[in-house]
Every structure is written in C-alpha cells, then in structure tokens.
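Here are some friendly notes to read alongside the structure. Take the points in order, with the view open beside you.

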Amino acid sequence: MSEFDVAVIGGGAVGLSTAYWLAKKGLKVALFEKNYLGSGSSTRNASGFRVHFKSEQNVKFMIEGKKRLLRLSKELKYNPLVSECGYLWLLATEEQINEFKKTNNQVWSKHSVSGKFLDTHELKQILPNAKTEGVTLAFFGPQDGTFHHDFVLFALQNALKRSRVSVFECSEVTEICVKSNKVSGLSIGAREHTCEKLVVCAGAWSASVCKLAGVSVPIEPERRELGVTEPIRRFVDTFVIDLSRSIYLTQGIRGDIRGGPTDLATRGFAPLLSTFKWTVEFS
Ligand SMILES: Cc1cc2nc3c(=O)[nH]c(=O)nc-3n(C[C@H](O)[C@H](O)[C@H](O)COP(=O)(O)OP(=O)(O)OC[C@H]3O[C@@H](n4cnc5c(N)ncnc54)[C@H](O)[C@@H]3O)c2cc1C
C-alpha cells in the first residue's frame, strides 16, 4: 500500500489549492515544495484579476474563478482584500481599438462582461493625472481589479494544516519512479515516498519536473518581472495597462506602485542581466 493517495509537486497557489480540494475529498495527500510555500510566482505578482480576456475560455474561467475566490474566502474565513477598482486600457493604434471593439461585441457582451470606451476627456475623469498624448481611446472594465495573493496562500496553508495534508518544504523532487507506465513514488534526494497518483503543479518548472517521469509537456518558462516602489501619495485608483507606452501599473493599499513594462518578457530562466535592463525600463 502506498504512503499517500496523491502527491502534489509545487507549493504555489495551484499546488496548495489542488492539495486542499483533494484532501476535502478524503484523500491522503502530500505536498512537496522545493523552497518555501509561495516562493515561486504566487507571491510575486501584480495581484490583478480580470474577466476581460480575448479568448472566450479565459473569460468563462475568470468569471467562475472570481466567484470561487469569494466563496473560498467565506469558507476559510479570510479576507482576500478584493478591490473592484477596474482595469483601464489606454489604446493608441487603430489595430488595438479594433481588437477591443471586436472582442467586446463577440465575446464580452455575450457573457455580460461590461465595459466602456472612453475618449480622452472621459479618461481624465477616471485618471486625472494621465498624460493623454499618444492615447486615442481608452477602455474601462469595471468588473476587474486586484486582490491580495498572500492572504489566499496563508489561508490555504492553514487549511492544509487543519486537513492533515503532509507538507514538505525545502523538498525538491529529484526523481519520479515509474513502474509499468504508472507513477509509484518520488524521491527527495535519498528520501523516497510512495504514492498512487502524482499531480505536477510546479508552474514554470513543470516541464522539467514532468521530464523526471519521462513525460514531455509543452510548457516553457517565461521570465516576467514586477517593480514595487516605496509607498507614495495615492494617484491612481485603477489597474492601468497603457498600450501606448507598453507599461502597466497599479497602486497597492499602502500606496506602493506595482508594475512594469508589458513587452519585456524573455523566454527561459533568463540571467540577471535582463533584470538590469528591466529596471532601467521600469524607472
Ligand atoms: C511578475 C509577475 C506578475 C504577475 N501578475 C499577475 C497578475 O497580476 N494576475 C494574475 O492572475 N497572475 C499574475 N502572474 C501570474 C501568477 O503569479 C501565476 O500564474 C501563478 O502564481 C502560478 O501559480 P503556480 O502555483 O502555478 O506556480 P508557482 O507559484 O510558481 O509555484 C510553483 C512551485 O513549484 C515549486 N517547484 C518547482 N520545481 C519543484 C520540484 N522539483 N520539487 C518541488 N517543488 C518544485 C517552485 O518552487 C514553486 O514554489 C504574474 C506572474 C509574475 C511572475
């Protein structure tokens, strides 16, 4: 008999919630994280959520995701600090405007995802400090906003403790044992654990983890960075994506500005040099 019904690899938002829901079904679950819980992307993001996506699948996924986030916050008794501050896109080119109009007509209106096109005068009412040179039109999505990812992770972490999930931090999975085409366990260095099923939730590292089991998945890491400043006087109330200058930013509850260039993602686990280039662009 195996030690665990399911082993989950990765202690980010996806791994923690996977372990939580599996344990709720009565399964004996273990979670393995190579560093500390939340050490990957899940505590290093801009905290934005939006239902305004181009693809219909993403729109439906996010409508449901937002409902689940609110339900989970009640169930786990935590405050995710949801702010429906809206997303504001500043559009420059005809191509960008046409794409927004097309998605609005074909996807968003079908799913009652509302939004409003704003001329530069209306834009100034939402974002009084906006420099409008180069901006032709703006689009405001009122259902979008921000939430606090740390609270989601803390709440799930505490819930795992209560549901007796075995959580192994500082435990990098280095080997996956496969017998007769079926996963039978994994190794953390010299330590071995047996399991019936394995779920890989290793985010950007998923392809290399799956490779340990001889499985190839088309997931490639992409380096994205986020700048967080010291708190300053509040000057922006929405989540702004400025497509005319290729930058996005929002202001956290402490007044810190979070954001970065929208077009500087690089493929692979890029070297430090990309961070210097990124910092120059952000500042
Ligand atoms: C700069 C930036 C800004 C972002 N902004 C937003 C945003 O505003 N809104 C939004 O919705 N999303 C945003 N995202 C994306 C979001 O953060 C990720 O989609 C999400 O956190 C992914 O969660 P995850 O659990 O899949 O991955 P992760 O949180 O990365 O977790 C994967 C975990 O697997 C562990 N792991 C890897 N290999 C092994 C191994 N061999 N053994 C054990 N453990 C292993 C890692 O240490 C890591 O902790 C942003 C991401 C970045 C980087």
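1. A definition to begin with: two strands pair if DSSP finds at least two bridges between them. Helices (H or I, at least four residues) and strands (E, at least two) are DSSP runs, numbered from the N terminus. With that in hand, look at Ile-9, which stands opposite Val-200 in E11.

2. Please keep the origin of the coordinates in mind: this is a predicted model, in which local features need pLDDT of at least 70 and side-chain atom pairs count only at pLDDT 80 or more, while totals for chains, interfaces and linings use all residues. Residues are numbered from 1 along each chain as its sequence is written, and side-chain values use heavy atoms, with hydrogens and water left out.

3. For the overall picture, the protein chain has seven helices and 17 strands. Its C-alpha trace spans about 70 × 45 × 40 Å along the principal axes. Of the 283 residues, 40% are buried (under 20% relative accessible area, with exposed meaning over 50% and partly exposed in between; 1.4 Å probe, protein chains only).

4. Now to the sheet around Ile-9. Six strands form an open sheet with mixed pairing, in the order E8-E2-E1-E11-E10-E9. Strand E8 (166-168) and strand E9 (175-179) are the edge strands, each pairing on one side only. On average, neighbouring strands of this sheet are turned by 40° against each other, direction ignored. Axes here are lines fitted to C-alpha atoms, for helices over the stretch in contact, and angles run from 0 to 180 degrees between N-to-C directions.

5. With strand E11 (residues 191-200), E1 pairs in the parallel sense over five bridges. With E2, E1 also pairs in the parallel sense, over four bridges, and there the bridge partner of Ile-9 is Phe-32. Both faces of E2 are covered: Val-29 and Leu-31 on one side, Ala-30 and Phe-32 on the other, are all buried.

6. What lies across E1, E2 and E11? Helix H1 (residues 13-24) does, running at about 170° to strand E2 (29-32). H1 also packs with helix H5 (residues 149-162) at an angle of about 35°, the axes being 10 Å apart. Ala-13, Leu-16, Ser-17, Ala-19 and Tyr-20 of H1 make the contact with Leu-153, Leu-156, Ala-159 and Leu-160 of H5; contact means heavy atoms within 4.5 Å.

7. A search of the whole structure finds 13 aromatic pairs (rings of Phe, Tyr and Trp, its six-membered ring, with centres within 6.5 Å; planes under 30 degrees apart count as stacked, over 60 as edge-to-face and the rest as tilted). The rings of Phe-100 and Phe-139 have centres 5.5 Å apart and planes at 55°, so this pair is tilted. Phe-100 belongs to helix H3 (residues 94-108) and Phe-139 to strand E6 (residues 137-141), so the pair ties together parts that are 39 residues apart in sequence. Both Phe-100 and Phe-139 are buried.

8. Phe-139 has another ring partner: the rings of Trp-108 and Phe-139 have centres 5.2 Å apart and planes at 35°, so that pair is tilted. Trp-108 is buried. One aromatic cluster is formed by Tyr-87, Trp-89, Phe-100, Trp-108, Phe-117, Phe-139, Phe-239 and Tyr-248.
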